[in-house]
Amino acid sequence: PSSQGASQFSSEQQKMAWSSTSMPSQITFITIFIISTSLPLSHATTSPTPPHPFQKIYAFGDSYTDTGNTKSGTGPNAFTYVSNLPYGQTFFHRPTNRYSDGRLVIDFVTQSLSLPFLPPFRDPKASTSPHGVNFAVAGCTAIKHSFFVKNNLTLNITPQSLGTQLVWFNKFLEGQGCKDATTPSECKAVFDNALIWVGEIGANDYAYTVGSTVSSKTIQQLAIKSVTGFLEALLSKGAKYVVVQGLPTTGCLTLSMALAPEDDRDDMGCVKTVNSQSYTHNTIFQSKLQQLRKQFPNAVIVYADYWSAYRTIVKNASKYGFKELFKVCCGSGGGEYNFDVYGTCGSPSSNACSNPSEYINWDGVHLTEAMYKAVSESFLNGTFCHPSFSYLLSRKQSG
């Protein structure tokens, strides 16, 4: 996190990150453009179109990055209507199994690099996609699913973990001829012009264990170890340009706000204990990234500071056009948050607002397209990537 973000927490608040919140254990949530110009030909010749900085993107993560690897379920899960309108209504005008009214951060990233939207891995067309694949899965955890089974915390949770996404990616790589150290040229062909985008991952791990005997410190250690190992595996295979998102301010999500005691609030008006937990997670995770930078000096590893970007937007909401910081655009129940975990977005009892661009929260756990756009611009053109995204592009263009 930025130094500005760091100054917001005292040592006492940092300690709070080690403890669980008081949310009921039965509630779970799935946290889960180059324009070619043509000059008239006269005595002058046209200039060649600059090459795209990246030819493809491989994305990983959870519901904040998933572009269709999950569909609506039928169990007791709180969010089972992603295949129904109004999901997708703002941009696609139809549900695309994205947990939002429109595009996600990864969609804005692909558009900024003049690439098409990434197909989900489970789409049969993904294996032949020349521009990359999205392996993210809504509800996915950083820690292996077996850990949650062992602790009787499975409920109706997605069985995929970040490890599953690595298995999928390895399978995809094998189809490209990239297997291991014996296929260096094939792996080089895969990674030289590829951007690896690792969306936020780990928020679900904390959420699924709230109210259990599993401590948040245990989740922190296991989740960070898992993500670090995942990144090391990618870098060892030849990944050269990597962007990794940290956890957002999960205490600002409507579900957190609705369930936490009213006296558990920070200077943003969000749930203090939950935000502090994510902040501490990010701080420790960044030290691991620094170790990876030393281990793989030829790679560019960028940390996308989701926590600070989100905080800045919340603290300057009107500047970004937001009027509703915590109330959901799509939900039911009315009241302060219009949120009912048993009548979530897409369900028969729910309804969607007519002005989602004025809302930060879409369905109580996921964000509106407008918020994802603001966050993506903070990463791509702002100061919330370390090193900056422009530095990564310059490194790519210089070879």
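Predicted model: local features only at pLDDT ≥ 70, side-chain atom pairs only at ≥ 80, totals over all residues.
Figure 1. In β4, Ile196 finds its bridge partner in Val242. The next pair to look at is Trp197, whose bridge partner in β4 is Val243. Strand β3 (residues 194-198) and strand β4 (residues 241-245) run parallel, and three bridges join them. On the β5 side, Val242 stands opposite Ile301. Five bridges tie β4 to strand β5 (residues 300-304), and these two strands also run parallel.

Figure 2. Zooming out from β4, we get six strands in an open sheet, ordered β2-β1-β3-β4-β5-β8, with mixed pairing. Which strands sit at the edges? They are β2 (132-134) and β8 (385-386), each of which pairs on one side only. Helix α5 (residues 162-175) packs on this sheet, where it touches β1 (56-60) and β2. The direction of α5 makes about 150° with that of β1.

**Figure 3. β4, covered on both faces.** Side chains in a regular strand alternate between the two faces of the sheet. In β4, one side carries Tyr241, Val243 and Gln245, the other carries Val242 and Val244, and all of these are buried. Why call β4 largely enclosed by the rest of the structure? Because five of the five residues of β4 are buried, where buried means under 20% relative accessible area.

**Figure 4. Helix α3, tucked among strands and helices.** Here the view moves to α3 (105-112). Six of its eight residues are buried, so α3 is largely enclosed by the rest of the structure. The buried set is Val105, Ile106, Asp107, Phe108, Val109 and Thr110. What do these buried residues pack against? Their partners are the strands β1, β2, β3 and β4, together with the helices α11 and α12. Just past the end of α3, Ser114 takes a positive phi of about 60°.

**Figure 5. α5 against α8.** The crossing of α5 and α8 is left-handed. From α5, the contact uses Leu162, Leu166, Phe169, Asn170 and Leu173; from α8, it uses Val227, Phe230, Ala233, Leu234 and Lys237. Sorted by class, the contact of α5 with α8 has eight nonpolar residues, one polar and one charged.

**Figure 6. α11 crossing α12.** Helix α11 (residues 306-315) and helix α12 (residues 369-380) also pack with their axes 10 Å apart, at an angle of about 120°. Is α11 parallel or oblique to α12? The angle makes α11 oblique to α12. The crossing of α11 and α12 is right-handed. On the α11 side, the contact is made by Tyr306, Ala309, Tyr310 and Ile313, while α12 brings in Met371, Tyr372, Ala374, Val375, Ser378 and Phe379. The class count for α11 with α12 is nine nonpolar residues, one polar and no charged ones.

**Figure 7. Two cis peptide bonds in loops.** If you're checking omega values, start with the bond from Leu85 to Pro86: it is cis, with omega near 15°. Pro86 lies in the loop between β1 and α3. The other cis bond shown here joins His386 and Pro387, with omega about -10°. Pro387 has its place in the loop between β8 and α13 (389-397).

**Figure 8. Positive phi at His93 and Asn338.** Neither residue in this view is a glycine, yet His93 has a positive phi of about 60°, and Asn338 has a positive phi of about 55°. His93 sits in the loop between β1 and α3. Asn338 sits in the loop between β6 (330-331) and β7 (351-352). Is His93 buried or exposed? His93 is exposed, with a relative accessible area of 59%. Asn338 counts as buried, at 9% relative accessibility.

Methods. Residues numbered from 1 in each chain as written. Heavy atoms only, no water. Axes fitted to C-alpha atoms, helices over the stretch in contact; angles between N-to-C directions. Helix = DSSP H or I, 4+ residues; strand = E, 2+ residues; numbered from the N terminus. Parallel < 35°, antiparallel > 145°, perpendicular 65-115°, else oblique. Left-handed = near helix turned anticlockwise from the far one by under 90°. Contact = heavy atoms within 4.5 Å. Nonpolar A, V, L, I, M, F, W, Y, C, P; charged D, E, K, R; others polar. Pairing = 2+ DSSP bridges. Buried < 20%, exposed > 50% of the residue type's maximum accessible area, 1.4 Å probe, protein only.
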